[in-house]
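Reader: I am new to this structure and would like a close look at a single part, the surroundings of the ligand. Please take me through that part slowly, and then through whatever else in the chains deserves a remark.

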Amino acid sequence: MAYSEKVIDHFNNPRNVGTLDKASDQVGTGLVGAPECGDVMRLQIEVDNDGKIADAKFKTFGCGSAIASSSLATEWLKGKSVDDALAIDNMEIVEELALPPVKIHCSVLAEDAIKAAINDYRVKQGLEPIEQEKSIVH
Amino acid sequence: MKLPIYLDNNATTKVDPRVFETMTPFFLETFGNAASRNHSFGWSAEEAVDYAREQIAKLIGANEKEIIFTSGATESNNLALKGVFEMYARKGNHIITAATEHKAVLDACAHLEKQGAEVTYLPVQGNGMIDLEVLKSSIKDNTILVSIMYGNNELGVLQQIQEIGAMCKENGVLFHSDATQAVGKIPVDVIKDNIDLMSFTAHKMYGPKGVGALYVRRKNPRVKVTAQLDGGGHERGMRSGTLNVPGIVGFGRACEIAIAEMDKDAAHTSRLRDKLETELLKLEESYLNGNKDSRLPHTTNISFKHVEGEGLMIGIKDIAVSSGSACTSASLEPSYVLKSLGLDDELAHSSLRFGLSRFSTEEEVDFTIKTVTEAVNKLRDMSPLWEMFKEGIDLKTIEWTDH
Ligand SMILES: Cc1ncc(COP(=O)(O)O)c(C=O)c1O
């Protein structure tokens, strides 16, 4: 199966690979997936005092689509408010990257990672975590 | 050097130009049906098929009457298993095979289980080898067939075929071997190896796709299989269908070349394979899969821990290889062969298989070493698992979210 040009571009030039300070109260970390499933994503956001995502970083173990989905997610997260970030839907990632059906789970994982990072940040700020619906797409 | 580089020769090989040249007249000039008994077109085709049959038989130490042409090893495996099961139904219904067999064998066995067969799937050891003691103790009064592959398509691991053949003979059980990966690459002799039925195919040994053979022993013992296709009764009634004459001629030529050049090919591929393997195993946390001391000369399978195989393949897009990862399959299950070695799923997802050929060059191997090394390092810099490993975090202690 051939990858789309956008996936290849993110794979070759991943945006925002790296690590933020996990211990900081301004940083939320989401770690989703499992090694035995062949993909693990770690997505981190750094939120400034106005509630805007000032920085986002990722590291991903996975196929090209998984790497591209998380790279794209960090691109989209930067500059967004936390609330707007929560609204990112996996299907937008699918569309942007032209992922085939067998790779939809990569986008789901990216959405899960965004939500997990936001929740980690919220808990650090003394807020309630957002209820997450269990993703049904595998 | 031309890109991309082909290092997936366990999947299929390029047709040797000499084979191709031998085949061409059989499309445009000698195009007769080998079963046409009453004109020269048919006779010429039959003659060519007979000659090919001899070349093929010679490569495996068989008699030409023992070669049944098929469409490939998938069909040969199906014919062997289903054909023996039906033919020897009165003798018993128990078949022994192994967990690392090709799907064509495993799925044929699953099919037979629905028809009342009892199938034992032998486990393999960590190095991919079958434990002969376990095999021995699995043979029962109602066992009719043992089907164990010669060389494994993912790992290259060679089973102890001679010992298994002898054990089967001693116990009066038929022995089938899927020798698809081995024939033409290493010496295979059905007499020495005590093989009763053997599947192989042209396209893994520089011949064309869509033509294969089943060796069916005629003496000590005389073996028969029930035909699986109804029709004109070709191939001594065991496989109906007009013969693929150009394919068979090419198959024959490929065998002839293999007889002449096997030693040279094996020396060439194993030297390059060893170089590739040695260099790639210098990468931290990289592991060889399968028994290093008993395997095909042209194959190696390596896991690069904390890097996902399919992602790695994009990183080395100028090199054609295979991965044990199966990120595309609905089940997300990695290779069952690697898992049956006891590899954990992550390592199975992290594997690449390299298969060299007589056409592989040193330059290609050097390029591959460099490209794979760079891609592994780049992906590890991107891998959260690698970061955790480097921080000394035991990944087993983390509670992963399954998805
Ligand atoms: C071990 C083994 N058996 C059987 C087959 C099937 O061969 P064919 O493609 O000729 O049907 C293959 C090749 O994919 C193989 O590697």
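Author: A word on classes comes before the rest: Ala, Val, Leu, Ile, Met, Phe, Trp, Tyr, Cys and Pro count as nonpolar, Asp, Glu, Lys and Arg count as charged, and the others, including Gly, count as polar. Sorted in this way, the shell around the ligand holds two nonpolar, nine polar and two charged residues. The model is a predicted one.

The shell consists of 13 residues, and those that come nearest to the ligand are B:Thr74, B:Asp178, B:Gln181, B:Thr201 and B:Lys204. Helix H4 of chain B, residues 73-87, supplies the largest share of the shell, namely three residues.

Next come the contacts of single atoms. The side chain of B:Asp178 has an N or O atom 2.6 Å from a nitrogen atom of the ligand. For B:Thr180, an N or O atom of the side chain is 3.4 Å from a ligand nitrogen. An oxygen atom of the ligand lies 2.8 Å from a polar side-chain atom of B:Lys204. On its own the ligand has 400 Å² of accessible area, and the protein covers 84% of that. The space that the ligand takes is the largest pocket.

From the ligand we turn to strands of chain B. B:Phe200 belongs to strand E7, which spans residues 197-201. With a relative accessible area of 0%, B:Phe200 is buried, because buried means a value under 20%. B:Phe200 and B:Arg353 are 153 residues apart along the chain, and 21 Å separates their C-alpha atoms.

B:Ser351 is part of strand E13, residues 351-355 of chain B. Its relative accessible area is 1%, so B:Ser351 is buried too. A polar atom of the B:Ser351 side chain lies 3.3 Å from the backbone oxygen of B:Ala348.

Most peptide bonds are trans, and most residues other than glycine have a negative phi. The bond between B:Leu3 and B:Pro4 is cis, with omega about -5 degrees. B:Pro4 is in the segment before strand E1 of chain B, which covers 5-6. Another cis peptide bond leads from B:Asn220 to B:Pro221, where omega is near -5 degrees. B:Pro221 lies in the loop of chain B between strand E8 (212-216) and helix H8 (245-280).

The loop between E8 and H8 of chain B is also the place of B:Arg236. Phi of B:Arg236 is positive, near 50 degrees, and the residue is not glycine. B:Arg236 counts as partly exposed, because its relative accessibility is 39%. In chain A, A:Ala98 has a positive phi near 55 degrees, again in a residue other than glycine. A:Ala98 is in the loop that runs between helix H4 (90-97) and helix H5 (104-124) of chain A.

Technical notes: Residues numbered from 1 in each chain as written. Chains lettered and ligands numbered in written order. Predicted model: local features only at pLDDT ≥ 70, side-chain atom pairs only at ≥ 80, totals over all residues. Heavy atoms only, no water. Near = heavy atom within 4 Å. Polar contact = N/O pair within 3.5 Å; in protein donor to acceptor, adjacent residues only side chain to side chain. Areas by Shrake-Rupley, 256 points an atom, 1.4 Å probe, with all protein chains shown as cover. 1 Å grid on protein atoms, 1.4 Å probe; cavity = no way out; pocket = protein on both sides within 12 Å on 5 of 7 lines; lining within 4 Å. Sits in = over half its atoms within 2 Å of the grid points. Helix = DSSP H or I, 4+ residues; strand = E, 2+ residues; numbered from the N terminus. Buried < 20%, exposed > 50% of the residue type's maximum accessible area, 1.4 Å probe, protein only.
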